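Subject: Structure for your review

Hello,

I am passing on the structure we talked about.

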Amino acid sequence: MGRVISTKPRLACIDPPRLLAGLDETYRLDRVGHLTVHGSMPALRADELVALAENIDLRGRGGAGFPFAKKVTAVIESAGRRDGRCAVVVNGSEGEPSCLKDTALLLHTPHLVIDGAVLAATAMGADDVAIAVHRPDVEESLSAAIAERGPSGPRVQVSVTDDRFVAGEGGAVINGISGAPAIPNGRKIRTSDSGLAGLPTLLSNTETFAQLAVAARMGALPFRSVGLPTEPGTTLLTVGGKFVMETPFGVPLSYVLELCGLTPGQGVLVGGYHGKWLLPDSLASVNISRESMEKYNARLGAGAVLPIPENTCPVGETARVARWLAGETANQCGPCFIGLPALADAIGQVERGGGQAALDTVSAYIESVKRRGACSHPDGTAGFVTTALEAFPDEFREHALGPGCGRPTLGVLPLTDGAPSGPLALPPGPSAARRDERDESEQLLVDWTLCQGHGLCADILPEVIELGIDGYPNRAKYGVPRQLRGQAVRAVRRCPALALRMEA
């Protein structure tokens, strides 16, 4: 798959700059420039590190927004139950083309990120810091920064991992650094328990460590002097796929767009390609904060803000992104590598005037891929299509049932190139919801990373398992009535791929 690796972020900020300080005068802060702008780095004990992160309510800036202090505490406790060893991993695998904020940090101010990671590693007693990236220019910048710092302190290494959307998932990052394919594990393993080399590992996003480095130098109270009382400090946003802006929390979203010379157009996608469309009439009351976004069932995620202008077709743009997302599957779960291309094909049918049947097929595939993957990619992709259907219902109907919206597809939503196509299939069968009311004492679980779609389980246990439109079980978890336990055990034992297991 061909990739675009030369995109350079354009930097902007709402004063005062913190993460981007000094970059108005130079392209990249080397070690001397970094120390001139930011000063020397203090040392913290583990309890001081946790207290600082709690006092500034530092949360992961990679999407989930998990409290950083809880991550640190979990690693320390896990390491304490073993031999005390642990590791630190910086997730710089920015695989979504609408996001450039981590790339901007690592290209322009890499020492700030390394500072935060080394600070955490030293406080916890970790010997190793690993930084996962996928761009050659980012690797070059980091390698130069590591060389500038000398050999003291924890070992810092940079690893180039696969450039794909799912490579930023926690398990995928650990796999990539370890030399395995950078794909999700398909199992809920906390990196705080077992991460790099099997050690308890503090894994967080690039910006998170940079914010930590700023806060350690400033102290909690000065850090909280900007932003909101409930969400202090600043955050980085990628606006329009090219501007990287540092802004305090609480700034109106419309003002951020204005400073970048953009308008809301037909709507603004926040949170990237697993995000949510906000319509122009809602933007007056939306600001850059979790609380504000949650009112619209949205979140900042990895900080992508993508307005779609009036002169492009939203259906065509949705079809492009859905096709790209389908090509980003890890190819380890049938509902993902079969279902997502089929969903993209169905959207293409809508775009080309496929009628009500095409719209129904889109809805069917949305339901068929939910909660069935080894990671969140199928659910996120289904959510992206769902929010597009909700935001642009007239345009989807005009394309499916009429002559279309009359606008060309300009390709304004940024993508890397190359996305394979998948087959178009039939809508799903009857709902399996009728099973939910039965007396079910055990559960039958499907491991999507192993399932190969043989369908034997449905032959043995048709009362419980129903296959989806892709030939795979239509759910990841089934309640098993007591009277059918024997058949369920037989299905587990006879599964050719060993993809089933029973759980009380």
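The notes below cover a sheet, a helix, a loop residue and the cavities.

Please keep in mind that this is a predicted model.

The sheet. Six strands form an open sheet with mixed pairing, in the order S1-S7-S6-S10-S8-S9. The edges are taken by S1 (10–13) and S9 (276–278); each has a single partner strand, so one side of each is left without a neighbour in the sheet. On average, neighbouring strands are turned by 25° against each other, direction ignored.

Helix H7. This helix spans residues 170–177 and is mostly covered, with seven of its eight residues buried. The buried ones are Gly 171, Ala 172, Val 173, Ile 174, Asn 175, Gly 176 and Ile 177. The N-terminal end of H7 is capped by Glu 169, which places a side-chain oxygen 2.9 Å from the backbone nitrogen of Gly 171. Just after the helix comes Gly 179, with a positive phi of about 95°.

Thr 109. This residue sits in the loop between helix H4 (101–108) and helix H5 (110–124). Is Thr 109 buried or exposed? Its relative accessibility is 1%, and buried means under 20%, so Thr 109 counts as buried. Apart from neighbours within four places in sequence, Thr 109 is in contact with Leu 19, Leu 29, His 34, His 38 and Ala 104.

Rolling a probe the size of a water molecule over the atoms shows where empty space is left. There are three cavities of 30 Å³ or more in the structure. The largest cavity holds about 100 Å³ of space. It is lined by 14 residues, and those closest to its centre are Cys 451, His 454, Gly 455, Cys 457 and Cys 495.

Regards

How values were computed. Residues numbered from 1 in each chain as written. Predicted model: local features only at pLDDT ≥ 70, side-chain atom pairs only at ≥ 80, totals over all residues. Heavy atoms only, no water. Pairing = 2+ DSSP bridges. Helix = DSSP H or I, 4+ residues; strand = E, 2+ residues; numbered from the N terminus. Axes fitted to C-alpha atoms, helices over the stretch in contact; angles between N-to-C directions. Buried < 20%, exposed > 50% of the residue type's maximum accessible area, 1.4 Å probe, protein only. Polar contact = N/O pair within 3.5 Å; in protein donor to acceptor, adjacent residues only side chain to side chain. 1 Å grid on protein atoms, 1.4 Å probe; cavity = no way out; pocket = protein on both sides within 12 Å on 5 of 7 lines; lining within 4 Å. Points joined across faces, edges and corners; volume = space filled by probe spheres on them. Contact = heavy atoms within 4.5 Å.
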